[in-house]
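Here's a quick briefing to read with the structure open beside you. Have a look at it first, then work through the points below.

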Protein chains: 2
Amino acid sequence: MTEKHIKPTEAELEILQVLWEKGPSTVKTVHESLDGIRSVGYTTILKLMQIMIQKGLLTRKRDGRNHIYAAVPERKAVQRQLLDRFLNGVFGGSAQKMVMQVLGQYRASPRELKEIRQYIKKLEKDKS
Amino acid sequence: MTEKHIKPTEAELEILQVLWEKGPSTVKTVHESLDGIRSVGYTTILKLMQIMIQKGLLTRKRDGRNHIYAAVPERKAVQRQLLDRFLNGVFGGSAQKMVMQVLGQYRASPRELKEIRQYIKKLEKDKS
DNA sequence: TGTTCGATACGAAGGGTTTCGTAATAACAA
DNA sequence: TTGTTATTACGAAACCCTTCGTATCGAACA
């Protein structure tokens with residue numbers, strides 16, 4: 001399951017998000033989730049999910065007259081890959097630059113900042 | 001110059017990177033930079049850069065028989081926009097989750113970690 | 001069995017990106 | 001001026017993603 005090149009499109013990523021969030025679901029469920037955010041046809045989602053099966057991004061099993069779809073790659077794995085590409089493509093591979101930009105751009109709550117700081121301290125300890 | 005929707009494609013982003021890095025350049029320079037990384041034709045880059053002019057991503061001026069191209073949007077502005085989309089699309093908008101994943105995934109040097117920690121402290125102070 | 005109705009399968013259009021071949025152009029040199 | 005060469009302009013193909021209309025299927029029920 002450790003696919004070399006996971007590269008979901010934007011629409012595919014939306015679908016994966018729903019499945020990661022809700023667990024294995026029908027097309028109907030996924031469609032209802034997404035249609036709430038942006039208007040999109042039922043068969044559009046269906047088609048996308050069928051394509052995603054061919055690409056190996058989803059699996060499915062029959063359940064009466066429905067299909068139940070499940071995400072194949074794990075959320076973390078996809079995030080890791082996309083992050084890697086993004087970091088290299090947009091920030092020249094500098095994790096530091098990216099982190100600082102994120103922290104400056106979105107004000108994390110004091111609690112979050114503290115947690116991040118502690119996480120860094122932990123990393124610093126683990127290293128030595 | 002504060003474009004509402006800056007959304008360079010991948011190829012366009014590569015070109016912008018070169019121009020941000022090297023400053024205003026000819027097609028030849030950009031092509032040589034990119035061709036070193038992945039094989040791509042000269043006229044492909046030329047065409048892309050011409051399209052980018054139409055989109056307002058680049059400007060150019062004549063210089064003898066050449067054109068000198070320059071990036072229009074600032075690096076930081078593009079990074080900010082792309083980061084915003086990425087964070088929302090991939091990490092559900094949680095800066096904290098993303099930062100922690102980045103820090104865990106790429107080991108920053110002790111010096112970088114320290115700098116980030118200090119930056120956070122600065123943020124914490126500014127807030128109060 | 002035959003009808004109904006929700007779900008699936010499929011084709012094709014529309015839009016965008018990337019690619020490159022070829023034609024036109026302009027500077028420079030002979 | 002004319003030829004040579006580097007550069008630009010342009011068109012079109014190939015590819016991919018997204019969208020949806022329509023056809024098909026199949027379970028449930030009368």
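Which residue with a positive phi follows helix 3 of chain B? That's Gly56(B), with a phi near 85 degrees. Bear in mind that this is a predicted model.

**How the chains relate**

**The core**
- In general, nonpolar side chains of soluble globular proteins tend to be buried together.
- Here the largest nonpolar core has 72 residues.
- The residues with the most contacts inside that core are Ile15(A), Met98(A) and Leu103(A), along with Ile15(B) and Met98(B).
- Leaving aside residues up to four places away in sequence, Ile15(B) touches Val30(B), Leu34(B), Ile45(B), Leu48(B), Met49(B) and Met52(B).

**Helix 3 of chain B**
- This helix has 13 residues (42–54), so at 1.5 Å a residue it should span 18 Å; its end C-alpha atoms are 19 Å apart, which agrees.
- Its buried residues are Ile45(B), Leu48(B), Met49(B) and Met52(B).
- Looking down the axis of helix 3 of chain B, you'd find the buried residues within an arc of 95 degrees, so they line one face.
- An α-helix has 3.6 residues a turn, so residues three or four places apart point the same way.
- Thr43(B) and Gln54(B) are exposed, on the face turned away from the buried side of helix 3 of chain B.
- The buried residues of helix 3 pack against helix 1 (10–22), helix 2 (27–35), strand 1 (58–63) and strand 2 (66–71), all in chain B.

**Helix 2, in both chains**
- In chain A, the buried residues of helix 2 (27–35) are Val27(A), Val30(A), His31(A), Ser33(A) and Leu34(A).
- They cover an arc of only 160 degrees around the axis, which puts them on the same side of helix 2 of chain A.
- Lys28(A) and Glu32(A) are exposed on the face of that helix turned away from its buried side.
- Packing partners for the buried residues of helix 2 of chain A are helix 1 (10–22), helix 3 (42–54) and strand 2 (66–71) of chain A.
- Over in chain B, Ser33(B) lies in helix 2, and its side chain makes a polar contact of 2.8 Å with that of Lys22(B).
- Ser33(B) touches Val18(B) as well as Lys22(B), not counting residues up to four places away in sequence.

Notes. Residues numbered from 1 in each chain as written. Chains lettered and ligands numbered in written order. Predicted model: local features only at pLDDT ≥ 70, side-chain atom pairs only at ≥ 80, totals over all residues. Heavy atoms only, no water. Core = buried A, V, L, I, M, F, W, Y, C linked by side-chain atoms within 4.5 Å. Buried < 20%, exposed > 50% of the residue type's maximum accessible area, 1.4 Å probe, protein only. Contact = heavy atoms within 4.5 Å. Helix = DSSP H or I, 4+ residues; strand = E, 2+ residues; numbered from the N terminus. Expected span 1.5 Å × (residues − 1). Arc of directions from axis to C-beta. Polar contact = N/O pair within 3.5 Å; in protein donor to acceptor, adjacent residues only side chain to side chain.
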